[in-house]
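Good morning, colleagues. Let us look at it together.

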Amino acid sequence: MRVTRRGFFQTIGGTAGAAALIRGKLAKAEQAGEDLGRWATPEEVMVPSICQQCPGGCGLMVRTLDGKAAGLSGNPLHPVNRGALCPKAFGGLQLLYDENRLKGPMARNGERGRFRPIGWDEALSMLTARLSGLRAKGLAHTVAILGGQYRGSRDTLWRRFADAYGTPNYIRVRCLPPERPALAHQLMQGVTTPLGYDLGEAQLILSFGAGLLEAWLGPVHASQAFARLRRSGERPRGRFVQVDPRRSPTAVKADRWVPIVPGTDGILALGIANALIREELYDKEFIERHAFGFEDWVDQRGERHEGFRNLVLREYGLLTVSAATGVPVKAILEIARDLGTIKPAVVIGERGPAYGPDDLHTRMAIHSLNALTGSIGVRGGLLIQGELPLSPLRPVQQDEAAKRGLEHPRIDGAGWGEYFLVSDAPQALPERILGAKPYPINALLLFATNPLGNHPAKEAFARAFDQIPFIVSFSPFLDDSSARADLILPDHTYLERWQDDQVTHLAGFTCFSLARPATAPLHQTRSTADVVLQIAKALGGSLAKSLPWEKFEDFLHERARGLYEAGRGYVVSAPAEESLRRILERQGYWTPEFKSYDEFWGALGKRGAWWDPTGLPVSREALLTTPSRKFEFYASGLKRRVDEAVKREGTGEVFVRALGGADRGDLLYLPVVAIPPVREPGAFPLRLNTYRLMSRPIGGGRNQPWLLEQPAVHVRASWEGWVEIHPKTASELGIKGGEPVWVESAKGRVRLRAKLYAGTLPDVVHIPLFGGEGANPNDLIANETDPFRGFGLLNTTRVRLLKA
Amino acid sequence: MARWGMVIDLDRCTGCQACVIACKAENNVPAVGAKEAVRGRIISWMQVLTEVEDHDHPGEQMRFVPRPCLQCDDPPCTKVCPVYATYRNPEGIVAQIYARCIGCRFCMAACPYNAKYFNWHRYQKEGPGQNPDVSVRPKGVVEKCTFCHHRLQHARERALAEGREVAPGEYVPACAEACPARAIIFGDLSDPGSEVSRLAQSRRAFRLLEELGTKPKVIYLTEGEGRG
Amino acid sequence: MADRADTRDAVLLAPIELTGRGFYLTVGLLSLLILWGAIAYWTQFDEGLGVTGLHQPVSWGFYVTNFVFFIGISHAGTLISAILRLSKAEWRRPITRMAEVITVMVLFIGAGQILVDLGRPDRMLNIIRYGRYQSPLLWDATSISAYLTASIVYLYIPMIPDIAILRDRVGKRKLLYTVLALGWQGTEHQQKVLNRAIAIMAVLVIPIAVSVHSVVSFVFSMTLQPMWHSTIFGPYFVVGAIFSGIAALIVAMVAFRKAYGLHGYLKPIHFRYLGQLLLVMALLWFYFTFAEYLTGYYGAEPEEMKVFQAKFSGPFWPFFWGMVLTNLIIPILCLVRLGRRTIGKVLIASLSVTVGMWLERFIIVVPTLSNPRLPFGEGIYWPTWVEWGELAGSFALFALFYVLFTKLFPVISIWEIREGREVGLKEVEERLLTYLPDTAEPRHAEPERGW
């Protein structure tokens with residue numbers, strides 16, 4: 001045997017290596033076996049899907065290997081995100097493979113005893129028996145369905161189920177419904193669909209507290225628009241101004257950050273309006289031709305009304321506004337001059353933090369800036385979101401039981417009393433369930449929501465849950481609410497099921513996304529949409545007739561036919577092909593790509609989306625469907641709604657109070673916000689501002705370690721939640737960065753780690769919602785009523801800090 | 001031969017960390033857990049750094065700087081490796097051989113950008129959802145950004161099978177692919193017509209710690225109109 | 001001749017022949033510490049380096065500090081003994097052996113630190129398989145192994161006559177001593193060869209020793225990191241190494257003087273001389289430190305200043321100022337006036353320097369890493385029980401090796417003492433005479449040609 005030097009050392013190395021494997025495993029042999037397995041090349045298939053981590057609805061491409069999901073990327077064809085993704089999207093993999101997912105249906109042993117796994121047949125028959133029993137007793141309306149943050153056909157299906165079953169109580173638990181237009185836009189512009197923001201084409205964006213680049217609507221869509229605003233070929237670099245009490249990452253990226261006393265955004269907007277009017281920088285042509293209520297006016301009865309112009313000039317002088325908002329006069333003037341001179345400009349006042357009783361008027365005041373700059377219905381301004389041409393469904397068949405059930409008022413009181421402007425009022429729900437007002441709830445179905453963890457009224461919800469005899473959860477996880485359920489019928493996660501998405505607020509196009517299962521279900525779970533159809537079938541009668549589809553896939557198939565038949569729009573395709581089609585269409589040629597609906601459906605499933613990029617309603621008149629057919633500074637629509645409600649309920653006080661007004665005079669319908677009196681600090685000298693992180697998906701994402709580990713970049717944090725404190729405030733209280741502190745409100749207190757952050761006003765502390773493990777800021781948030789969202793107010797609580 | 005490079009436009013970057021998490025998913029980088037994270041052991045091949053201009057008032061002036069491995073042309077890390085476990089390959093990508101690394105962490109100490117990460121424990125086993133193109137690292141070795149080198153290999157195999165060159169845009173790392181603001185542009189620096197080459201000549205272009213002479217192939221574009 | 005040695009230097013052979021309770025106690029105590037170290041290492045081997053306090057960016061901590069420190073201590077021996085031999089310092093005779101033993105023992109410990117520090121000790125031999133000479137770590141490996149080899153030879157050669165004495169005198173371990181004595185009979189030829197070999201080794205070992213600590217410093221200075229990337233690191237480290245080496249030597253001398261009753265051999269004058277040498281080295285060390293830090297401070301590069309401030313007034317100030325106190329102030333106070341209680345004072349100074357030089361190594365390794373150039377935030381490093389265990393175990397293992405050595409071989413070179421008495425005295429007198437002007441009437445020397 002020849003011993004080479006190399007061979008010798010290899011032998012020695014091998015011996016040493018073997019000796020090092022002290023645990024006695026023949027790890028090398030094992031390794032060899034694994035290697036063999038790896039040699040077989042798995043079959044790689046890319047399956048389009050839709051990200052469901054936030055309302056953004058980005059198109060995904062799921063990389064599957066032998067049918068198993070092994071990676072995610074953005075769908076390059078999808079018009080919402082064009083192949084890009086945000087960090088949350090990748091958490092979807094960890095969501096799918098979460099080891100703590102429920103493996104199948106669970107029921108209790110005895111009265112709320114231990115959970116035990118059961119079969120689907122047994123689970124479904126339990127639920128069906130309960131539902132049909134209640135219906136037979138004439139108690140259909142006492143079944144409440146709580147739905148969380150989702151859009152599209154699943155919503156349609158649940159609503160249809162509720163209508164056919166006979167319960168008015170299909171209640172959505174979420175801050176704001178993205179598929180509906182903002183109230184201010186509805187009232188001032190008369191729109192029935194949400195507005196599209198043409199951010200990418202704008203030259204100036206003025207945002208009031210909207211976390212445009214974090215958790216506004218679709219972060220990817222918004223970021224792409226932001227990138228175009230900043231740098232897109234020939235245009236000069238666009239400007240971006242952010243009004244926010246906190247220097248959020250969005251504010252960091254802005255050219256100008258305008259720190260503001262929380263809740264005074266409307267006053268600032270009116271100050272800017274004042275400057276625009278005073279310096280005659282507003283779009284006179286638009287105001288003259290397309291606005292109502294700007295100048296003083298005389299109504300049909302000959303009464304004189306003061307217009308927006310004079311009111312603003314009189315009441316909102318820059319010094320007054322500056323004193324109330326904390327924004328220097330110079331800054332207000334400069335913003336106004338930017339807004340008056342840089343075109344096109346767009347002002348964003350949708351979503352963002354709630355402003356309490358002044359919310360509607362604040363948003364109206366902000367939106368009036370869009371009118372003053374003439375940004376409505378122009379490229380680079382506010383566009384209208386067209387409606388999807390989905391096939392209409394046959395009307396729901398309602399039997400006697402259903403009709404009787406639907407005659408009852410809603411349990412949450414939405415559309416009534418102080419909640420007369422909202423369609424859902426989950427905030428009021430627990431109290432009413434507890435008080436059995438106007439009737440007790442006998443069964444509760446929870447779909448994609450976890451009010452016991454994520455709702456500010458979670459304690460009240462917990463008490464209410466105790467009163468409900470039968471709670472069913474469809475959550476794939478044992479979250480706080482499911483842990484209190486009697487029956488759990490776990491849903492698939494979104495990569496395992498058929499679904500669609502209908503995203504709104506897009507830059508001037510409509511879009512329908514379709515996803516088929518990217519991977520076979522990992523566990524014994526079932527798509528809740530399929531379960532709803534199965535229950536309807538089992539309940540029989542009019543329910544089975546109203547929901548006749550075998551599977552949810554069939555339902556989607558039926559609805560999407562309308563897209564094929566609409567004679568417009570495209571199944572997304574490669575950019576080159578698409579631009580060719582658009583050139584043709586501009587010249588009046590629209591040719592269908594597919595010969596049959598089956599072909600269309602097949603392509604839709606393979607490419608992931610349908611969209612209609614042409615026929616943008618870029619015109620002023622098209623937007624203005626108010627009673628005056630103009631942009632209404634004086635919201636006559638609101639007046640009509642108040643008048644109607646007063647007629648219905650016989651009193652006006654409750655509405656005036658809900659709207660934060662003094663009486664039913666003109667001021668109630670004009671976009672003006674009263675300047676609040678100066679408040680003494682009192683026992684709770686600091687304001688609590690909660691915000692959403694870019695990295696937190698719907699539900700908080702506690703099963704997504706990647707996101708928990710690196711939640712944000714503006715502060716150094718990981719896993720654990722935190723509170724942002726101004727260094728000055730901290731030093732006054734003797735708090736050092738990184739120390740734990742108690743944040744205390746009138747409701748309760750939580751222990752969080754202090755992060756010193758100078759990007760804030762000194763008297764405001766900021767806590768991210770779902771910031772991390774540990775304390776839940778919902779334990780602090782005072783349950784104040786929000787008549788414009790029906791959700792709790794997340795930004796109005798006052799707190800104090802104590803060293804822990 | 002191609003010289004793969006990256007341009008990161010800080011004016012576009014929003015600090016969202018899509019690149020960070022995309023990288024983790026693509027390269028089987030595990031979350032290390034709360035305890036380890038507190039100890040400062042997060043592994044983040046791509047990391048968004050926050051530059052604070054005024055240290056007494058953090059938050060008043062900030063800039064987000066995504067930092068992958070800068071793939072230096074004169075890398076300080078490869079020189080010091082005693083076993084050739086890290087080296088600069090002919091296309092300029094600084095590679096790490098996990099099976100050879102002895103875990104001395106000299107390269108970590110030598111890298112002025114702190115772009116190298118160590119497996120202090122065995123943070124994960126092979127499991128579902130991982131990318132089979134990238135090996136799962138054992139404990140005790142250093143790991144780093146590879147410009148998603150496995151994607152280059154895939155692209156090359158595809159091109160070879162079709163008898164052509166790798167086309168521009170065919171090979172893109174996961175971070176650049178994910179970036180919602182399109183702040184990360186990737187391509188061949190040796191091709192004067194490529195977007196990266198063009199942007200690298202921009203007035204706004206600068207390199208991190210340029211004065212050290214490491215010749216990074218990741219080029220940054222500064223914010224605003226001015227020079228870096 | 002042999003008889004006289006029996007009576008006069010019996011005390012030097014006593015530890016080899018007799019074993020007292022103190023020995024077992026010491027070994028027991030050291031074994032406990034070593035056990036702690038072993039458990040610590042096992043934990044680390046099993047779970048990974050995560051059980052230490054190391055992290056990103058402080059990826060080097062105690063182990064690398066220990067490495068530099070122990071390698072530094074190793075300069076005690078061979079280098080000092082070689083210099084003393086070459087300079088014919090007669091007072092070296094009872095010291096050289098002890099010094100040389102320190103070198104050999106501590107080199108094992110020092111090199112071992114690198115193994116402890118490796119994430120994959122099982123792949124240690126990759127250094128040979130795939131070795132890349134561009135890496136300063138490989139320079140270290142080469143230099144240290146050369147130094148170790150040379151030191152062992154240099155320790156062994158002067159031991160041969162003593163081993164022969166042991167072979168002849170001691171009843172135990174006959175075979176071992178016979179083999180090791182290489183048939184030494186003390187003939188004139190053998191003596192000549194021996195002296196020649198010692199002289200060659202003494203010359204050879206000095207550049208190797210200097211190279212060792214230079215390349216250890218190169219591990220740091222070859223990087224681009226602030227306060228590492230410095231040209232004076234080589235000499236700075238060598239000076240520090242000799243400094244700490246002398247201190248360690250003095251500590252060992254005091255310990256064995258007490259344990260083995262060597263008062264007759266290690267006299268205050270030896271400590272006085274070594275103490276003075278230590279003082280000189282303290283000042284030299286301070287000079288280097290001052291030059292290094294002043295350069296950094298004056299240039300005031302932001303990156304350098306970040307590290308500088310972290311040491312000076314930041315989180316590392318206790319270590320930095322502790323180092324100044326123990327390396328400069330205490331030694332000066334102790335050593336400036338060595339009148340009475342010489343040994344006590346020198347011992348205190350030496351212990352202080354031993355601690356101080358460890359701190360110095362720590363303050364070089366960690367603050368630079370914990371203040372990265374890019375904004376990662378400062379990494380605070382605090383060692384865990386594992387690292388403390390390794391530190392304690394390393395010291396204990398070194399001490400144990402040393403103690404065991406003294407049970408096998410005389411800790412003071414018997415033949416050299418003897419040679420001193422018999423040959424040295426005469427030689428010194430003769431040598432001294434050659435230094436002095438001739439006693440005869442001064443002759444007027446002829447002016448040299450060309451002048």
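**Contacts between chains and domains**

The contact between the two chains takes 41 residues from chain B and 49 residues from chain A; two residues are in contact if their C-beta atoms, placed from the backbone, lie within 7 Å. Please bear in mind that this is a predicted model, in which local features need pLDDT of at least 70, side-chain atom pairs count only at pLDDT 80 or more, and totals for chains, interfaces and linings use all residues. Residues are numbered from 1 along each chain as its sequence is written, while chains are lettered from A and ligands numbered from 1 in the order in which they are written.

On the side of chain B that touches chain A, at least two residues each come from helix 1 (18-26), helix 2 (34-38), strand 2 (47-52), strand 3 (62-67) and helix 6 (174-178) of chain B. Helices (H or I, at least four residues) and strands (E, at least two) are DSSP runs, numbered from the N terminus. Helix 1 of chain B provides the largest share of this side, seven residues. By class, the side has 22 nonpolar, 10 polar and nine charged residues. Here Ala, Val, Leu, Ile, Met, Phe, Trp, Tyr, Cys and Pro count as nonpolar, Asp, Glu, Lys and Arg as charged, and the others, Gly among them, as polar.

I turn now to chain A. The centres of domain 2 and domain 3 of chain A, taken over C-alpha atoms, are separated by 26 Å; domain bounds come from an automatic or database domain assignment. Their contact takes 21 residues from domain 2 of chain A and 20 residues from domain 3 of chain A. Strand 1 of chain A gives the most to the domain 2 side, with four residues.
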